[in-house]
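Please read the following briefing alongside the sequence and the model. It takes up the metal site, then a strand and its partners, then the ligand shell.

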Amino acid sequence: MKKRILLLAGGQSGEHEVSLMSARSVLSALPRDQFDVTPVVISKQGRWLPPTETQRALESGEAATGGDLVLHRVASAEGYDAVFPLLHGPMGEDGTVQGLLTLAGIPFVGSGVLGSAVSMDKVMTKQVLESAGIAQVAWRLAVRREWQQNPQGVRDRAAELGFPLFVKPANLGSSVGISKVGAPDELDGALNLAFGLDRRVILEAMTSHKPREVEVGILGNDAPIASPVGELRFDADFYDYETKYTEGRATMHIPAPLPPEVAERVRAEALRAFLALDCAGLARVDFFYVEETGELLLNEVNTMPGFTTTSMYPKLFEAAGLSYSELVTRLVGLALEER
Ligand code: ADP
Ligand code: MG
Ligand code: MG
């Protein structure tokens, strides 16, 4: 019998449009002889759109308004076998939707509440990975109330890291709200920007040299496998929003031209991080490799990485011999697997 899949896309984060693109790819790749797929687009206001409006949003690739808070009804009453929450960022990749689906009792693709929530939060991720002994840049936490009441305390903590440093909202993605702060007089502006987007902000020491940015895909539940390692190259100071989303600004190199022992370290550390964070199904684990010193520093774990046919995660597994449609089929299988 065909499996009924509910494909959720769009969502309330700044990555709404990216998600619609990924969803179009997944929709055309899930084999029709095995799956009966119903897409539902979630508007930027968090409302679930009915079929015609969902179709319109998918085709135009644009955010739509309208819809309803039907979530629980859509999820449970219609008897789906599994949900593919192809949502990026807050209110989608952060455990909120995963909590709803857990309550509704429906299996879903990807990490559960814990792995999603911890991996979305850059501070919690750093804490968990630190206790797992995984190397990362030095960092500090700052909260909005403190920034309002004792800004000097926050500035002093930043200065402990030295300049340049990075200031980032704890719970966003796509480089939104991230600044590279070259000198103390740029710090306040960066903090105001980040605190405008999140209550919690992470301050991070910059790597000792401009890092190479390498990424690896993880696939599986409690016995996951790692893909070959990929590298992103771009001509910009850092991998900011514009570089990420302007066609032709960045190039993907698979496999990354790395010494074999470095690639092996990337894969092993990524698998350890995936398990330490209680991830499931899939994740893309991103690292900084500082060639000058040989340091390998884990940057972040994305539990629902970009998933168009040309995105890094599917491309990494394609290099391992798994086609896009085999990959999505495997992910649904992992969602249904007993753990
Ligand atoms: P996002 O979750 O929005 O992708 P990241 O933490 O990956 O945010 O940061 C975005 C980019 O900023 C990275 O890909 C890298 O280019 C640069 N960057 C972030 N933190 C550091 C750091 N500590 N040292 C050097 N570069 C950094
Ligand atoms: Mg991210
Ligand atoms: Mg990133």
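Glu300 is buried, with a relative accessible area of 17%, where buried means under 20%, exposed over 50% and partly exposed in between, using a 1.4 Å probe and the protein chains only. This is a predicted model, in which local features need pLDDT of at least 70 and side-chain atom pairs count only at pLDDT 80 or more, while totals for chains, interfaces and linings use all residues. Residues are numbered from 1 along each chain as its sequence is written, chains are lettered from A and ligands numbered from 1 in the order in which they are written, and side-chain values use heavy atoms, with hydrogens and water left out.

**Metal site**

- Glu300 bridges the magnesium ion (ligand 2) and the magnesium ion (ligand 3), which lie 3.9 Å apart.

**Strand 8 and its partners**

- Nine of the nine residues of strand 8 (residues 212-220) are buried, so this strand is largely enclosed by the rest of the structure; strands (E, at least two residues) and helices (H or I, at least four) are DSSP runs numbered from the N terminus.
- Strand 8 pairs in the antiparallel sense with strand 11 (residues 281-290) over nine bridges, pairing being assigned if DSSP finds at least two bridges between two strands, and Gly281 in strand 11 is the bridge partner of Gly220.
- Strand 8 also pairs in the antiparallel sense with strand 9 (residues 225-234), over six bridges, and these two strands form a hairpin with four residues between them.

- Glu213 is found in strand 8 and counts as buried at 14% relative accessibility.
- Leaving aside residues up to four places away in sequence, Glu213 touches several residues, including Gly230, Tyr239 and Phe287, a contact meaning heavy atoms within 4.5 Å.
- Of the 19 residues around ligand 1, Lys122, Lys168, Ser175, Glu213 and Lys244 come nearest, a residue being near a molecule or strand if one of its heavy atoms lies within 4 Å of it.
- A polar side-chain atom of Lys244 lies 2.7 Å from an oxygen atom of ligand 1, and a polar backbone atom of Ser175 is 2.5 Å from an oxygen atom of ligand 1.

Notes
Donors = N, O, S within 2.8 Å, 3.2 Å for Na, K, Ca; no water. Polar contact = N/O pair within 3.5 Å; in protein donor to acceptor, adjacent residues only side chain to side chain.
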